[in-house]
Amino acid sequence: MRHTYLWFIQLITGVLIAVLAGIHTVWMHLDAILGFFGVDVSDATAWQSMIERSREVMWAGIYIALLAVVLYHALNGLRNIILELTPSARTERIVTWAIVAFGITVFIWSLYVPIALLSA
């Protein structure tokens, strides 16, 4: 019961990953479907198209949100797997703080690209 909120956040991030990755997949790879609905996607994977899209606040926000929820979902799942193997409370604290530190480091490091492209 102590970690019920972590499990709830795990479920929410799973749903958010499905939604955000769905938006990305439809926009990038299903141009025939978008064309049917009247949305003009001219070669979404072309370099110039990617650079133009990366300078839009909406896409930068989607990619940053996707990064955050994927990192949480993956690292919390990894934490749960590791903690199933080690029942010690001390080990739980060490693993939790190591994963939190790693997650924060990767998130900050990964923010460079969308922020740099957005401000260019």
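The model is predicted, so local features need pLDDT of at least 70 and side-chain atom pairs count only at pLDDT 80 or more, while totals for chains, interfaces and linings use all residues. Residues are numbered from 1 along each chain as its sequence is written, and side-chain values use heavy atoms, with hydrogens and water left out.

The setting of this residue is a chain with 5 helices and 0 strands, which follow one another as α-α-α-α-α. Helices (H or I, at least four residues) and strands (E, at least two) are DSSP runs, numbered from the N terminus. Of the 120 residues in the chain, 25% are buried. The chain exposes about 8,400 Å², and carbon and sulfur atoms supply 75% of this area; accessible areas come from the Shrake-Rupley method with a 1.4 Å probe, and for residues only the protein chains shown count as cover.

Which residue meets arginine 79 in a salt bridge? The partner is glutamate 92, at 3.6 Å from N to O between the side chains. This pair links distant parts of the chain, for arginine 79 lies in helix 4 and glutamate 92 in helix 5 (residues 89-119), 13 residues apart. Glutamate 92 is likewise buried, with a relative accessible area of 18%. The structure holds 1 salt bridge, defined as a side-chain nitrogen of Lys or Arg within 4 Å of a carboxyl oxygen of Asp or Glu.

Helix 4 itself has 29 residues and reaches 42 Å from its first C-alpha to its last, close to the 42 Å expected at 1.5 Å a residue; the expected span is 1.5 Å times one less than the number of residues. Its buried residues include Trp59, Leu66, Leu75 and Arg79. The buried residues of helix 4 pack against helix 1 (4-29), helix 3 (47-54) and helix 5.

Isoleucine 82 also belongs to helix 4 (residues 57-85). With a relative accessible area of 30%, isoleucine 82 is partly exposed. Leaving aside neighbours within four places in sequence, isoleucine 82 is in contact with Val95 and Ile99, where contact means heavy atoms within 4.5 Å. Across the chain, residues 24 or more positions apart account for 68% of the contacts with a separation of 6 or more.

Conventions:
Buried < 20%, exposed > 50% of the residue type's maximum accessible area, 1.4 Å probe, protein only.
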